[in-house]
Amino acid sequence: MRIRALAIRIIRQFVRDKRTLALLFLAPLLILTLMKLVFNGNTVEPQIGAVQLPAALVERLEAADAEVTSYDDFQSAEQALKDGVLDAVLSLNGGKPAIELEGSDPSNTKMVLLLLQRTMSAGLPAVAPDITYLHGSEEMASFDNFGPVLIGFFSFFFVFMLAGVSFLRERTSGTLERLLATPIRRFEVVLGYLSGFGLFTLLQAALIAWFAIDILGLYMDGSIWLVLMMNLLLSLTALTLGTLLSSFASNEFQIIQFIPLVVVPQVFFSGLFNLDAMTPWLQKLSTIMPLYYGADAMRGIMIRGEGWSDIQLDVYVLIGFSAVFALLNVIALKKHRAI
Amino acid sequence: MSSSIHSASPNPVIDVRSVTRRFGSKTVLDDISLQVERGEVFGLLGPSGSGKTTLIKLITGIDKADGGSVHMLGEQMPKLAMLQRFGYMAQSDALYNELTAKQNLTFFGSLFGLKGSQLSKRIETAMSIVNLQDDLNKTVAAYSGGMKRRLSLALSLLHEPELLILDEPTVGIDPVLRQSIWQELSDMRRRGTTIVLTTHVMDEADKCDRLGLIRDGKLTAIGTPEAIKASSGSATLEEAFIVYGGGVRA
Ligand SMILES: Nc1ncnc2c1ncn2[C@@H]1O[C@H](COP(=O)(O)OP(=O)(O)O)[C@@H](O)[C@H]1O
Ligand SMILES: [Mg+2]
């Protein structure tokens, strides 16, 4: 069985290549951990300068977790704002409150504004609504929201690079020529690569998913099996695309050059950024991006607890991508052997 | 080695007819015709860049000619099933350096359909032919250049092919080892294996039963080393080569 022989050889090469193994298995865990630490850190307390404010208001601000520094005149408060000590200066201008914001960091700005508005309107009688969540919960952090996308992205990115580089090596070292001087069929070469790499991508997908959910505590509302399946499908797409594109590269550096061309654009369409905010024609681009489908399904499963019927379209599309890329691989091999 | 003169037989092992190969506008092989008979050592002699490797690839069916035809063992090339019937050693060593010699042999053996005890036996035989039986479990990265070349040869012998096609088998190998490889080749020839090889070394060409002189993609002479020397009125192949079309630049 030639496909099996090729798969075993790839596995043996992998096992001997400790660095690559580490890259495949440990690097995603490291980056996920960093992401979790960065995006789940305690919220910073806004630094607010108060210029001759009534004591009641200062108290309310402090109750809302703001760090309030009182100033006697506006100039010294503004100087502190310039020096980067404060995020905002709150003063009363003829009885009317005035806010000056530091403004260079939009997310910081929003947070300060929200806090100020809340404290200003706190005195007014209001009907407090009951809040319930259809998906997620009050504790859901931004990491929970884009974690599923990251899991898919890592599977895609590392497998893309590894598959591209190893197929390229096969070609430049001359072993591809030797391989093709045996009675192996071209489709067997592609299937052998798929199964050899498939094993490692399956292990990688399982490890990443387990680590993110059980160790990092990523929000998870759906089936782990569906998550693993989506991850595997994404890896297969990356594998077939990586080997295909490696036919157009003549060295390792040229594989790296495919990253800004092929991988980075997919990140923009994967749902990390809001697609609805894009111009419509640009949104359409997402339909040709494998990561878009993978990320969509991963998010659906993990955050909204979606089942098979909700994600099956994504599954079929990814299988379609893999099949097309694999077929193109078989055709591209013709360049190296006439039959 | 024997210098018996082969007359054209009705069913040669390799039959190349008016083969032409172009890369873009460059004609790399120009109307080449030659036959290789069963049981002979046939050498393709020519400076580097003359088109030897290109011709070898057409014969093996890895590449396809733009004009003319190639038959191997009576079958029109390229043909997938024929890849089972010859052993091919490319110009580069093409080994998986991170694997052991045994893992390399097992892999290629499986591709030729060998398995189990038959495979282990063939691995043992092939490795003892090239005198590497004690280095079977070393990783190839730890092999010297000469050892890699020999392992490469062992790989092409694994499935006991009736035809061996070797592209520069002794390049980069020291004289002692070169001697032993030639010893092996002549042993295999005695057992009936047909061998086609390329070389740009004159004294090596002298050991072939028949030679084809190739230069700038053209076959300038074909025959036994003696016949080629005689017909050009030269004492050595080197002189004959110059008579048949300019100096050797290899
Ligand atoms: N794939 C290719 N594309 C373009 N030119 C090629 C290709 N392969 C070989 N050539 C050219 O064909 C000529 C003969 O090459 P080759 O057969 O490798 O010579 P040799 O093996 O005798 O050294 C060289 O000029 C080489 O540049
Ligand atoms: Mg050559």
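Over all chains of this predicted model, the structure holds 18 aromatic pairs. One of them is formed by F321(A) and F325(A), whose rings are stacked, with 5.8 Å from centre to centre and 25 degrees between the planes. Both residues belong to helix α13 of chain A, which covers residues 308-332, and they are four residues apart, about one turn of the helix. Because buried means under 20% relative accessible area, F321(A) counts as buried at 17%. F325(A) is likewise buried, with a relative accessible area of 12%. Elsewhere in chain A, one aromatic cluster is made up of F14(A), F167(A), Y193(A), F197(A) and F200(A).

Aromatic rings also take part in arrangements with charged side chains. K335(A) lies over the face of F248(A), at 6.0 Å from the centre of the ring. A further arrangement of this kind involves both chains: the charged end of R178(A) sits over the ring of F108(B), and the distance to the ring centre is 5.7 Å.

The overall form of chain A was examined next. Chain A comprises 13 helices and four strands. Its radius of gyration is 27 Å, well over the 20 Å that the globule rule gives for 339 residues, so chain A is more spread out than a compact globule. Along the principal axes, the C-alpha atoms of chain A fill a box of roughly 90 × 40 × 40 Å. The domain assignment divides chain A into domain 1, residues 47-133, and domain 2, residues 142-335. The centres of these two domains, taken over C-alpha atoms, are separated by 47 Å. Of the 339 residues in chain A, 47% are buried. Among contacts in chain A with a separation of 6 or more, 72% are accounted for by residues 24 or more positions apart.

G174(A) is found in the loop between α6 (142-172) and α7 (175-180) of chain A. With a relative accessibility of 8%, G174(A) counts as buried. Apart from its neighbours within four places in sequence, G174(A) is in contact with S92(B) and A94(B). By contrast, V85(A), which is 89 residues from G174(A) in sequence, is 62 Å from it in space, C-alpha to C-alpha.

In chain B, helix α2 (residues 101-111) is mostly covered, as nine of its eleven residues are buried. These buried residues are A101(B), Q103(B), N104(B), L105(B), F107(B), F108(B), G109(B), S110(B) and L111(B). The buried residues of α2(B) pack against elements of both chains, namely α1 (2-16) and α7 of chain A and α3 (116-129) and α4 (145-157) of chain B. Just after α2(B), G113(B) adopts a positive phi of about 85 degrees.

Strand β1 of chain B, residues 14-23, pairs with strand β2 of chain B, residues 26-36, in the antiparallel sense over seven bridges. The two strands form a hairpin with two residues between them, and G24(B) in the turn has a positive phi of about 65 degrees. Within this pairing, R22(B) has T27(B) as its bridge partner in β2(B), while I14(B) has V36(B). Strand β1(B) is also joined to strand β4 of chain B, residues 67-72, by five bridges, and these strands run antiparallel. In β4(B), M72(B) stands opposite I14(B).

With a relative accessible area of 41%, D66(B) is partly exposed. Not counting residues up to four places away in sequence, D66(B) touches T20(B), R21(B) and R22(B). D66(B) and P78(B) are twelve residues apart in sequence, and their C-alpha atoms are 12 Å apart in space.

Notes. Residues numbered from 1 in each chain as written. Chains lettered and ligands numbered in written order. Predicted model: local features only at pLDDT ≥ 70, side-chain atom pairs only at ≥ 80, totals over all residues. Heavy atoms only, no water. Pairing = 2+ DSSP bridges. Domains from an automatic or database assignment. Phe/Tyr/Trp six-rings, centres within 6.5 Å; stacked < 30°, edge-to-face > 60°. Buried < 20%, exposed > 50% of the residue type's maximum accessible area, 1.4 Å probe, protein only. Lys NZ or Arg CZ within 6 Å of the ring centre and 35° of its normal. Rg over C-alpha atoms; globule rule 2.2 N^0.38 Å. Contact = heavy atoms within 4.5 Å.
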